[in-house]
Amino acid sequence: MEFVAFLLAIIFVSIGSFWVTGTLYGFFHRPAIYFPMSLATKMAASAVFGVWLFGIGGIVIATLVFNNAMMKRQDYSRWPTILAGSVISVVCSVIIYFAVFALAWGVLD
């Protein structure tokens with residue numbers, strides 16, 4: 001039961017961290033953009049599974065997902081979008097990393 005709670009907490013932290021950082025990006029981007037929960041879910045899934053598969057690949061894959069989603073906008077610019085996606089992915093991957101260890105120690109106690 002603890003393992004199920006651990007996995008649900010990690011999913012919540014992963015999606016939540018991507019959504020919060022993406023929303024902050026949307027507030028500061030001009031013109032302001034809406035960062036959907038579905039994009040946060042795709043980025044979180046790609047970051048988590050990419051890390052398991054390729055190590056640093058989670059950051060790369062999540063950035064590619066972000067870049068692909070932003071390509072549909074008319075004000076798309078490649079390098080600022082890649083930079084923003086990389087920053088979002090790195091920040092969220094660090095948050096997920098520390099959350100996994102903190103929650104794992106909580107489950108093991």
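Helices here are DSSP runs of H or I with at least four residues, numbered from the N terminus. With that in hand, the structure can be walked through. It is a predicted model.

Start with the overall fold. The protein chain has four helices and zero strands. Along the sequence, the pattern reads α-α-α-α. The C-alpha atoms fill a box of roughly 50 × 25 × 20 Å along the principal axes.

Of the 109 residues in the protein chain, 35% are buried. The exposed surface comes to about 7,100 Å². Carbon and sulfur atoms supply 77% of that surface. Among contacts with a separation of 6 or more, 57% join residues 24 or more positions apart.

The largest nonpolar core has 17 residues. Phe-18, Tyr-25, Phe-35, Leu-39, Met-43, Phe-66 and Ile-88 have the most contacts inside this core. Helices α1 (2-28), α2 (37-54), α3 (57-70) and α4 each supply at least two core residues. Helix α2 gives the most, with five residues.

Setting aside neighbours within four places in sequence, Phe-35 is in contact with Phe-18, Trp-19, Gly-22, Thr-23, Ala-40, Met-43 and Phe-66. Phe-35 also belongs to an aromatic cluster, together with Tyr-25 and Phe-66.

Phe-66 leads on to helix α3. This helix has 14 residues. From first C-alpha to last, α3 reaches 20 Å, close to the 20 Å expected at 1.5 Å a residue. Which residues of α3 are buried? They are Gly-57, Gly-58, Ile-59, Ala-62, Thr-63, Phe-66, Asn-67 and Met-70.

Ser-17 sits in α1. Is Ser-17 buried or exposed? At 8% relative accessibility, Ser-17 counts as buried, because buried means under 20%. Beyond its neighbours within four places in sequence, Ser-17 is in contact with Cys-92, Ile-95 and Ile-96.

Ala-9 also has its place in helix α1. Its relative accessibility is 23%, so Ala-9 counts as partly exposed. Ala-9 and Leu-103 are 94 residues apart in sequence. In space, their C-alpha atoms are 8.0 Å apart.

The last stop is a pair of rings. A search of the whole structure finds five aromatic pairs. The ring centres of Tyr-97 and Phe-101 are 4.8 Å apart, with the planes at 75°, so this pair is edge-to-face. The cut-off behind that label is an angle over 60 degrees. Why are Tyr-97 and Phe-101 separated by about one helical turn? They are four residues apart in helix α4 (residues 78-108), and that spacing is why about one turn lies between them.

Notes: Residues numbered from 1 in each chain as written. Predicted model: local features only at pLDDT ≥ 70, side-chain atom pairs only at ≥ 80, totals over all residues. Heavy atoms only, no water. Buried < 20%, exposed > 50% of the residue type's maximum accessible area, 1.4 Å probe, protein only. Contact = heavy atoms within 4.5 Å. Areas by Shrake-Rupley, 256 points an atom, 1.4 Å probe, with all protein chains shown as cover. Phe/Tyr/Trp six-rings, centres within 6.5 Å; stacked < 30°, edge-to-face > 60°. Core = buried A, V, L, I, M, F, W, Y, C linked by side-chain atoms within 4.5 Å. Expected span 1.5 Å × (residues − 1).
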